[in-house]
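Reader: Could you walk me through this model before I set anything up with it?

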Amino acid sequence: MRQALRLLPLVALASVPATAAEPPSPQQIRAFLAEYGACVVEREPELAQKSVLSGASFSRDSAEGKRLMQRECMNSELLRNQPNTFEGRLRMHFDEDTYRGVIAEALIVRDNPAINAGALPAIAPLTYEEPRPLRTVNREGKPIPEDGLARQRAAIARKTQAMLMGKLGECAVRVAPVQSRAVVATNIDTPAELQSLNALGPVLGQCIKAGETVSLDRISVRGALAIAYYRLSQAKPSGAIQ
């Protein structure tokens, strides 16, 4: 069976409430994300690196999350600090890997890491956080209501998608590190970006299991490639001295 690969327009990523005066354009959304990634890397360099290499909490309830999602890195002109406007919707809609992806891009710009293609086979597969199994009873042994099960299923689906995107990015970088880096090196929303993504299309197709149909957008592809590229560039071959 053939794999299907399709790039979706960014507008499918985010929608805004009807009460918002004017929804931001896809270009504004991507510009915001790029500026956010660069800002976090500049203001929180160690935490930014940790968020890509070993994981850090983006929850605003955590100390790390407050630093990663700090106001200083939010565009006050584009985003309004009210729950029913674009900022509130954006925070809910973009998952952690979206933010992690633009941080990884900013780290690549800062560090200019290189990958030795010949050493890649000696680097162990990257690890990913797997979704937790569905729980049907609570700690007291009572059945969990259907709405609770629905929330769990949604969380499992998001985590599964994030894991699959991570593995897709890793596969592409391992197969074509130069082409993968070329995608991340292009400016957003340019013909060069689209050309580089199309050039990598066959590789992405190879990295998708037979029979699967995967719909991707530019943000998710660039983010997955950037995260995988940076992680692999910092990884040591098996048996190497740490």
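Reader: Fine. What kind of model is it, and how many helices and strands does the protein have?

Author: This is a predicted model, and the protein in it has 9 helices and 2 strands. Read along the sequence, these elements come in the pattern β-α-α-α-α-α-α-α-α-β-α.

Reader: And what percentage of the residues count as buried?

Author: The protein has 242 residues, of which 40% count as buried. As for its contacts, if one takes those with a separation of 6 or more, 75% of them are accounted for by residues 24 or more positions apart.

Reader: Let's go to the helix packing. At what angle do helix 6 and helix 9 cross?

Author: The axes of helix 6 and helix 9 cross at roughly 65° and come within 8 Å, and the crossing is right-handed. On the helix 6 side the contact is made by Met165, Gly169, Glu170, Ala172, Val173 and Arg174, while helix 9 brings Ser220, Val221, Ala224, Leu225, Ala228, Tyr229 and Leu232.

Reader: How many of those are nonpolar, polar or charged?

Author: By class, the contact of helix 6 with helix 9 has 9 nonpolar residues, together with 2 polar and 2 charged ones.

Reader: Then helix 7 and helix 8: what is the angle there, and how far apart are the axes?

Author: Helix 7, residues 177–185, packs with helix 8, residues 191–206, at an angle of about 150°, and their axes are 9 Å apart. Helix 7 passes helix 8 in a left-handed crossing. The residues that make this contact are Gln179, Ser180, Ala182 and Val183 of helix 7, and Ser196, Leu197, Ala199, Leu200 and Val203 of helix 8. Sorted by class, they come to 6 nonpolar and 3 polar, with no charged residues.

Reader: Switching topic to voids: how many cavities of 30 Å³ or more are there?

Author: The count comes to 1 cavity of 30 Å³ or more, and the largest cavity holds about 30 Å³ of space.

Reader: Which residues line the largest cavity?

Author: The lining is made up of Met165, Leu168, Gly169, Leu204, Val221, Ala224 and Leu225. The elements that give two or more residues to this lining are helix 6 (146–175) and helix 9 (218–234). Some lining residues also take part in the contact of those two helices, including Met165, Gly169, Val221, Ala224 and Leu225. By class, the lining divides into 6 nonpolar and 1 polar, with no charged residues.

Reader: OK, single residues now. Where does Glu44 lie, and is it buried or exposed?

Author: Glu44 lies in the loop between helix 1 (26–43) and helix 2 (45–53). Its relative accessibility is 15%, and since buried means under 20%, Glu44 counts as buried.

Reader: What is Glu44 in contact with, beyond its sequence neighbours?

Author: If its neighbours within four places in sequence are left aside, Glu44 is in contact with Arg67 and Gln70.

Reader: Where do they sit, Asn112 in particular?

Author: Asn112 is placed in the loop between helix 5 and helix 6, and at 55% relative accessibility it counts as exposed. Asp189 lies in the loop between helix 7 and helix 8, and with a relative accessible area of 33% Asp189 is partly exposed.

Conventions
Residues are numbered from 1 along each chain as its sequence is written. This is a predicted model: local features need pLDDT of at least 70, side-chain atom pairs count only at pLDDT 80 or more; totals for chains, interfaces and linings use all residues. Side-chain values use heavy atoms; hydrogens and water are left out. Axes are lines fitted to C-alpha atoms, for helices over the stretch in contact, and angles run from 0 to 180 degrees between N-to-C directions. Helices (H or I, at least four residues) and strands (E, at least two) are DSSP runs, numbered from the N terminus. A crossing is left-handed if the near helix is turned anticlockwise from the far one by less than a right angle, and right-handed if clockwise. Contact means heavy atoms within 4.5 Å. Ala, Val, Leu, Ile, Met, Phe, Trp, Tyr, Cys and Pro count as nonpolar, Asp, Glu, Lys and Arg as charged, and the others, Gly among them, as polar. On a 1 Å grid over the protein atoms alone, a cavity is a set of points where a 1.4 Å probe fits but cannot get out, and a pocket is an open set with protein on both sides within 12 Å along at least five of seven lines; lining residues have an atom within 4 Å of a point. Grid points are joined across faces, edges and corners, and a volume is the space filled by probe spheres set on the points. Buried means under 20% relative accessible area, exposed over 50%, partly exposed in between (1.4 Å probe, protein chains only).
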